[in-house]
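Please read these notes with the model open beside them. They take up a pocket, a helix and a side chain in turn.

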Amino acid sequence: MGIVAGLDSSSGFTRIVVCDADTGAVLRQGCAPHPVEPKATDIDPQAWLLSLGEAATGGLLEGVQAIGVSAQQHGLITLDAQGAPVRPALLGNDKRAQAAAADLIDALGGRQAWAEAVGSVPQSGQPVAKLRWLARAEPDAARRVAAVMQPHDWLVWQLLGRPARRTTDRGGASGTGYWSAGTGAYRTDLVELALGQQCALPEVLGPAEAAGTTPEGLLISAGTGETMAAAFGLGVAVGDAVVSLGASGSVMAVHHEALPDPTGTITSFADATGMHLPVVHTLNAVRALRGSAELLGVTDLSELSALAMKSTPGSSGLVLLPYLEGERTPQLPHTAGTLTGLRRESMKPEHLARASFEGMLCSLADAMDVLRRRGVEVRRVFLLGAAAELPAVQALAPAIFGAQVVVPQPADYAALGAARQAAWALGAAQGTLSPQAPPAWQGAAAQVFEPGEELAVGQAVRQQYGATRDQIHPGAFDATS
């Protein structure tokens, strides 16, 4: 069918992959950093274009017929009536809108009202909260806002030459706080509630629709958010969950419908294929491992992993509730971590090391259970993040999650997902692919681990963890269901 490209404009880099449109085989790739401070919360969006241009040097895009765009989520670009930025773009890591998010929750009547309206409860990173913050902190700028976009919307618009039509996709729209994955429609009243006025919102395209074609004939697909693009690049489907192991953690799964959650524990995103991506977050994951490593005086997580493997399942009775920064699942924002089961025989470094791995994985299994209780099927779990390579994680995760565990080889999955979307839009435009069925690219190369005979052991570890959790925080986990 030809050659396509996917570009991912993340928080720090632009990464581009050029792929065979039929097979997904990577033909060439490029990368360039954004010319900004690493922890900046405001950025001139032109920096993304400079990075894109640098990443595409050397004829990288020669022969490409279609491009897909993935970008960091929860950024907000505000435009005036002439299409110029009102102010620098607000990024997802900006915490200034925390009070604005809480204000919005109260203004609509509480968390349940928001969950029913758009499938999520406002968080500081979301565009809806940023609009509220802008209206309160920079009212003159807010009054000039005529249109709003997210990073991938803006990049697509720029690639097309800034046409009158502005577009987004279901995945990106579902993270705004003013579009519902359940109804597939904007809640313009929530934009007005946040900003104090109406403004133009991008048209939401279907998964295989093109945003447009450049004067040179290059097709640009709808684009999507980084999370949705990575899921598409991995090739996850119904029955699959993705567990992300960062300092904090998340569990998302492909599902056939949105899952509005009155407690706000589940965030109902849409994916890049027409399905849904309900997500549950934890505030603590690898930070619990790093804390234990520092406490035990080991140099890195590989050494902590080796130490943990010297212990036995259940860590000689030690249980670590890894709520070091409070917790979101269950909702215990002001609590602290807990270590129980201390006896003379359990007070050994290897037992604490193993308890930290078991505690982290059990906490994520709790988050997975929130989805399972709502009817989400989980047969296979993809583990992402550097910690997924640790032998202790790979040994314990299948039994604790009660599912096959897949550890994909490191790759630019968001860029690959964007390229796959480009191939889909190109095929749909040419009549060689159905708008209902994406190209069948080969899945990610990966290691696969089965629970096997250890399944009963994993269940026992979870029972020990659950009993401790319920004793110390009675009823907290039940409130998430």
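1. A pocket, as the word is used here, is an open set of grid points with protein on both sides within 12 Å along at least five of seven lines. The model is a predicted one. Its second largest pocket holds about 370 Å³ of space. Two elements, α9 (226–234) and α14 (413–430), each give two or more residues to the lining of this pocket.

2. What kinds of residue line the second largest pocket? Eleven are nonpolar, seven are polar and one is charged. The lining has 19 residues, and those nearest the centre of the pocket are L416, Q442, G443, A444 and A445.

3. Helix α11 runs over residues 301–308, and its buried residues are L301, L304, S305, L307 and A308. These residues lie on the same side of α11, because the arc they cover around the axis is only 160°. Among the elements that cover them are α10 (286–296), α12 (349–372) and α13 (391–401).

4. At the N-terminal end of α11, the cap is D300. A side-chain oxygen of D300 is 3.2 Å from the backbone nitrogen of S302.

5. Helix α12 contains E358. Is E358 buried or exposed? Its relative accessible area is 4%, and buried means under 20%, so E358 counts as buried.

6. Which side chain does the side chain of E358 meet in a polar contact? The partner is the side chain of S315, at 2.8 Å. With neighbours within four places in sequence left aside, the contacts of E358 are T312, P313, G314, S315, L396, I400 and V461.

Methods
Residues numbered from 1 in each chain as written. Predicted model: local features only at pLDDT ≥ 70, side-chain atom pairs only at ≥ 80, totals over all residues. Heavy atoms only, no water. Buried < 20%, exposed > 50% of the residue type's maximum accessible area, 1.4 Å probe, protein only. Helix = DSSP H or I, 4+ residues; strand = E, 2+ residues; numbered from the N terminus. Arc of directions from axis to C-beta. Contact = heavy atoms within 4.5 Å. Polar contact = N/O pair within 3.5 Å; in protein donor to acceptor, adjacent residues only side chain to side chain. 1 Å grid on protein atoms, 1.4 Å probe; cavity = no way out; pocket = protein on both sides within 12 Å on 5 of 7 lines; lining within 4 Å. Points joined across faces, edges and corners; volume = space filled by probe spheres on them. Nonpolar A, V, L, I, M, F, W, Y, C, P; charged D, E, K, R; others polar.
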